Amino acid sequence: MISAALGTLSACSVPPPRRADTAPDPAPGQAISTARRALVMQFLAHPDDDLYFMNPDTRQALDAGTRVVCVYLTAGEADGVNKVPGAPRPAADKAAYSSARRQGLRQAYAALLRRDPFTRWETSVMELGGRHRAETATLGAGPRRVDLVFLDTAMHTGRHRLGLPSLWEDRRLSLRTVVADGSPVRHPGSYTYDGLVDVLVELLERYRPTVVHTLDPDPDIRHGTEAARRRDSEQRGYSDHADHTAAACFAWAALIRWVARATAAGGEVPAFAVAAYRGYYNRHWPKNLPPGVLRRKAAHLVPYGGAPGWDCGNPSGCGDYNVGGDRPLTSRKGWVRATHHRYPGARTVLTADADGRLHAYAVLGLRLVRWREDEAGGVWEPPQDLGGGPLAPALGSATADGGQLLLFGLRFAALSGHGGDNEREVVLLEQRAGHSGFLAWRGLGNPSPGRDEGRRIGVPVAVTAPDGRVHLFVRNAEKGLSTRVRERDGHWGGWRDMGGGEVQDGLTTTVDGEGLVHVYAAGHHAVHHWTQDAPGEGLTARTQIDAGPVPGTPPAALPAPDGSVELFYRAEARPGLTTVRAGVTAELSGFDGYGPVTAAPSRSGPVLLGLSAEGHVRLRTADALLTRSRGSVALDGATLHLGAEGRPAAAGLGTDAAPWLWRP
């Protein structure tokens, strides 16, 4: 996160790449790796990206004993000025500023490990392929451990362009590295595009993470004045720093190459889940962290920022001084006040056989995978690969009129850098009639025309109407909604823009007591609503639902007993749960926390699934409030399922990349 001269990373229209890479194989039937120990690997552009955009997820993984490895692609040297607000501007020294920022990281992660911020770390040089070298720093606290890996690419080229975005776009570029003061790496090197992707693949293979955190590869389009863009530290036309976009693209390219190489050689698909995080997007939308969660998140930026008077033992500086003290909380940009996943929604789709055996579907190793219980209430059988990759982590689903399951994903149709295509598409995996396996994967295209606009679409969601039609919805590049409809005979209509205002991703759908399909999404100031005038007609935008407070999370929606729809969401920066029904707003007591909730109807009333303020999965029924206290840390996107007798079950993926199932 840097306020430096900014470039633009929109699409990749430059000469073709030097070499063809192994193409991802979407066909099913690959072997899936299963033996693993939980490890989170984070790919960052700058020191502090993790602290601003990925916490509290990183902290929760560490607190549970999960090892965390952070890979910083740039040296973070910016203009070399480590300025204390209110003090005279110091002389620029890029090597010193880079050193001070990594000292700040050591202080912050020592505090996250509950060690003294000035604890000494073990530093060394990691030898990598292509004669590349990286500085590493390691610190442990009992079973918990953090590894920091610094690749140190320069933030600017010799022509004063941003380095990482230029490396992604320009096949002719060789980007130098920066040697930070005090680093065990003594001499600078350089990276080409393929050299950097290969090093990231090597790190993935060396550490074999079960969860990978990246930044946002496809930030929202944003138009504004040049003055506003510079003030917000954003690239031209997009709501993020160009380095964040490039770092995310490099990370996803490495993940795709890692899986493709492993499977091309006849090996197993590496078993990992991915979580991508929005960056400067946080500036432009309602904040979603309540005060208690926010205070804890911001507190870990204090040791990162440090101060000149600290006795940290590093003569080049004791942190990134512009971030010290309460400045993250008082900054008008508000980056620290939210944590947004790039692909919100269900990670896991849970279904049941006629005999009560559960099936769980999720994206693992960028591919769709299915687990089945060996018997009702039993244990999971080994995973079955259903292919389709490379896929984003969230899934949509619906049950067709004939009972067959429809699974929808967002596929990276192309992501090859320096001149290659960069495209996304919505894809479908449809169960055969009689539930005997699946048909071949089918592409459903993209509602936003153009190579650049098509990258900005969201996660598909779907619902089946009483007339048997399946309605598919996607947030489009204009931040509105688009839809396609599947007829009862399986024929799909074309994409249609539904109009309406700007909304965030994380759509929710339901069908009311009169058979009308509804879609809801969180906007800048209110919940937005689309519905039909009569069953079978197209959905159109309606008046925004402003009876309740500004939404901080996507809403959940359920049909109410009186035929209306009831909404559940957390208001901006508040821990409580708001309900809205027939224009009446209330706050539901006893279910405080943060993040979105999932809702399911039962005979005794709504069943709700969400997170506590500590990040634990919680379930609320009419009779009880229950907290999941065992098992691996749950990733975002947990799923709620009610069995034939109304017994609730929650499922999701954990930091060990294995499915968890909770039947309280």
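Tutor: Welcome! In this predicted model, the lining of the largest cavity has six nonpolar, three polar and two charged residues. Side-chain atom pairs count only at pLDDT 80 or more, local features need pLDDT of at least 70, and totals for chains, interfaces and linings use all residues. Residues are numbered from 1 along each chain as its sequence is written, and side-chain values use heavy atoms, with hydrogens and water left out.

Student: What makes a lining residue nonpolar, polar or charged?

Tutor: Ala, Val, Leu, Ile, Met, Phe, Trp, Tyr, Cys and Pro count as nonpolar, Asp, Glu, Lys and Arg as charged, and the others, Gly among them, as polar. The lining includes Ile-256 and Val-259, so these two are nonpolar. Asp-25 and Arg-367 also line the cavity, and they are charged by that rule.

Student: Why is this space called a cavity?

Tutor: Because a 1.4 Å probe fits at its points, on a 1 Å grid over the protein atoms alone, but cannot get out. Lining residues have an atom within 4 Å of a point.

Student: Which helix gives the most to the lining?

Tutor: Helix H7, residues 242-264, with four residues. A helix is a DSSP run (H or I, at least four residues), a strand is one of E with at least two, and both are numbered from the N terminus.

Student: How do you know at what angle H5 and H7 pack?

Tutor: Lines are fitted to C-alpha atoms over the stretch in contact, and angles run from 0 to 180 degrees between N-to-C directions. H5 (residues 193-207) and H7 come out at about 65°, with axes 9 Å apart. Contact means heavy atoms within 4.5 Å; among the residues that meet are Leu-200 in H5 and Trp-258 in H7.

Student: What makes Cys-312 and Cys-318 a disulfide?

Tutor: The rule asks for a pair of cysteine sulfur atoms within 2.5 Å. Here S to S is 2.0 Å, so the pair meets the rule.

Student: Which peptide bond joins Asn-55 and Pro-56?

Tutor: A cis one, with omega about 15°. Pro-56 lies in the loop between helix H1 (49-53) and helix H2 (57-63). The bond from Gly-389 to Pro-390 is cis too, with omega near 0°, and both of these residues line the largest cavity.

Conventions. 1 Å grid on protein atoms, 1.4 Å probe; cavity = no way out; pocket = protein on both sides within 12 Å on 5 of 7 lines; lining within 4 Å.
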